[in-house]
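Please read them with the model open.

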Amino acid sequence: MPLSRRALIRAGAAGLTVAALPAAAEAAAKAAGNAAEHSAGKAAGEVTRQSGATTAGRRAPTPADWRALDASLDGTVELPGTASYEAARRLADPRFDGVRPPAVARCATGADVAEVVRFARRMGLPVVPRGGGHSYVGASTTRTGVVLDLRRLAAVSYDAATRSATIGGGARLIDVYNRLGASGVAVPSGSCGSVGIGGITLGGGIGMAASAYGLTCDVVSAAEVVTADGRRRTVDAGREPDLFWALRGAGGGQFGVVTAWRMRTHRAAPVGRFVLTYPWSDAARVAAGWQARLAVAPDETWSSCQFAADARGRLSVRISGVVLDGAPDAEVAAIVRAIARDPRSAALHRRPYLEVVHDRAGCTDAASCASRSTELIGSEIFPRVLPGAGVAALLATVERRARQRRPGVAKLKRMTGALGRVRPDATAFAWRGVHTMLQWLVESPTADPATVADAYRWIADGHRAVARWSAGRYVNYVEPDPALLPRYHGGHLARLRRIRAAVDPQRLFRSPYAL
């Protein structure tokens, strides 16, 4: 019986001659491999808490160690000095191009993920998972550990009998939408096509179907996860419920590596879409009217209200939204009545679900969604309607940006509807029953440090301006200050820290932004 690559490596590690092994010797090799894994598991207790440090008494991996790991995987290990490494290490944002991890493990299977985790334990290396690579703070790369690249774990399948999808932990949203769309179904999620399903689900997942069907994390029924002990586990409401709870809304890279998700789907019916624009002179009235409409808007509608400055000092107001399985006319009329002003322009149409997804993403497949950009981001959670004074403070922040002739966006997003009716303790997502989420955004044409620092100063000014009304922040929009982590998790912080300590006591999954 021939041995697999992985069995050969384990047999070699056990000191056996693997050529032409008889069946009994093959069984002995497997047993030795299992014993080696058990010993590696014990070694995890030696991993230090100091980021970037190797384990006391452990040596750094040699080229031979990396080659052995590569040979044991169905995927590959990419090392510095090759073109494949350069492609594998890059994130979506060019400002992190200077970060060069010691290795990138491009895993092809869940077993690969477990193998890399066990290797990292033996070597005392931190592990940093990478899905879509869209972390706004570069949390999906590292200068000192191994990047565990999940992008080859991208299979998407649909079971019509249960109306559920199984989605690989490294799948990109555009592929999820396209492959499920071929069966006439979808999952509620975001609009950026190159974002990984893992990152957005781990942090919640706000998108155009949220008011009707909830967050992405709300439709998860099970997950396949590799934890820091190198075990592959299936978790759901009945199996390891604490870990299952934490994987839905607490953010990425802290409790384990999800290699596959099982999610409930909804019908991908035609969508009514609308975009309304108003002059800046109506901005305060628009904010008040749009917020008032959210109190009575039906679940099948979702919209955002955006106030923006551009690099030429121009100010703009835009409401954009959707009506699932319906025409947009009635919702647009209701919003206009609430504002009591006619828009400067209005665009309404009804299209197939996938066409709307592609339009919002600005791309149609993985290749066309692969562009890179620098985005600086922040957020607020508003439990109630933002009052007139809060709206004025928000608008003044955008106006200051316009006077500087620099781009900046403040976008309010609906948080009422189905996602708000989920029990506050049902998932790790902390912000149930709130009114809106505000996204601060600077899309920068350059990644130079001065521009980045300037953008974050403006976002900090925005935080201060609306601090009286803000209850917290959205973890998928994490900002580069680990001291602020409690702001993202609200009343769930203590429970999350207990779970993290239980599943990764030696902090193998290491990041400044881990709990």
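1. A salt bridge is taken here as a side-chain nitrogen of Lys or Arg within 4 Å of a carboxyl oxygen of Asp or Glu. This is a predicted model, in which local features need pLDDT of at least 70, side-chain atom pairs count only at pLDDT 80 or more, and totals for chains, interfaces and linings use all residues. Residues are numbered from 1 along each chain as its sequence is written, and side-chain values use heavy atoms, with hydrogens and water left out.

2. The structure contains 26 salt bridges. One of them pairs Asp-97 with Arg-372, with 2.5 Å between the closest N and O atoms. Asp-97 sits in the loop between α4 (83-89) and β2 (103-106), and Arg-372 in the loop between α12 (353-361) and β16 (374-382), so the contact ties together parts 275 residues apart in sequence. Helices (H or I, at least four residues) and strands (E, at least two) are DSSP runs, numbered from the N terminus.

3. How accessible are the two partners? Asp-97 is partly exposed, at a relative accessible area of 27%, and Arg-372 is partly exposed, also at 27%. The classes are buried for under 20% relative accessible area, exposed for over 50%, and partly exposed in between (1.4 Å probe, protein chains only).

4. Arg-267 and Asp-325 form a salt bridge through their side chains, at 2.7 Å from N to O. This pair links distant parts of the chain, 58 residues apart: Arg-267 belongs to strand β11 (residues 266-267), while Asp-325 is in the loop between β14 (315-324) and α11 (329-339). Arg-267 counts as partly exposed because its relative accessibility is 49%; for Asp-325 the value is 42%, so this residue is partly exposed too.

5. Glu-479 and Arg-473 also meet in a salt bridge, with an N to O distance of 3.5 Å. Both Glu-479 and Arg-473 are buried.

6. How many disulfides does a search of the whole structure find? The search returns 1, where a disulfide means a pair of cysteine sulfur atoms within 2.5 Å. The bond joins Cys-363 and Cys-369, whose sulfur atoms are 1.8 Å apart. The disulfide is right-handed because the torsion about the S-S bond is about 90 degrees. Cys-363 and Cys-369 are both buried.

7. Two further cysteines can be checked for burial. Cys-107 is buried, its relative accessible area being 0%, and Cys-305 is buried, with a value of 0%.
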